[in-house]
Amino acid sequence: MNKASLWSGVLSAVQNGSAEEVKKLACPKCGAGLSLKYDPLSPQPDATTAGLLKINCWSCVAGVFMDGLTHTPPWIEILGPTVETRPDTSPG
Ligand SMILES: [Zn+2]
């Protein structure tokens, strides 16, 4: 499995998901919580700024980032630019 498809669910959720979905995201490699950090003023090659979202697992140190975001994901207004997710791992 390549890295892009491994993280595609997480990347889709952080772009389009609700605050509730984002808060429950888990690392696709180990299932632990993820650390999300959003920087709205990331420098771009054309001298403008855009959003940069860093996604890291605090357990296995896996992670991805997305740069050049032209709009701020809606959950950032609710959860803030720094989020520690808590996957729902209860057995039921
Ligand atoms: Zn992990």
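A residue is called buried under 20% relative accessible area, exposed over 50% and partly exposed in between, taking a 1.4 Å probe and protein chains only. By that scale Cys30, with a relative accessible area of 39%, is partly exposed, whereas Cys57, at 4%, is buried. This is a predicted model, in which local features need pLDDT of at least 70 and side-chain atom pairs count only at pLDDT 80 or more, while totals for chains, interfaces and linings use all residues. Residues are numbered from 1 along each chain as its sequence is written, and side-chain values use heavy atoms, with hydrogens and water left out.

**Zinc site**
- The zinc ion is coordinated at 2.3 Å by the SG atoms of Cys27, Cys30, Cys57 and Cys60, donors being N, O and S atoms within 2.8 Å of the metal (3.2 Å for Na, K and Ca).
- Angles among the four donor atoms run from 103 to 114 degrees, and the site is tetrahedral, a label that requires all angles to lie between 85 and 135 degrees.
- Cys30, in the loop between helix 2 (19–23) and strand 1, and Cys57, in strand 2 (residues 49–57), link distant parts of the chain, 27 residues apart.

**Strand 1**
- Ser42 lies in strand 1 (residues 34–43) and counts as buried because its relative accessibility is 4%.

Notes:
Helices (H or I, at least four residues) and strands (E, at least two) are DSSP runs, numbered from the N terminus. Four donors count as tetrahedral if all angles lie between 85 and 135 degrees; four count as square planar and six as octahedral if opposite donors are over 155 degrees apart and all others between 65 and 115; anything else is irregular.
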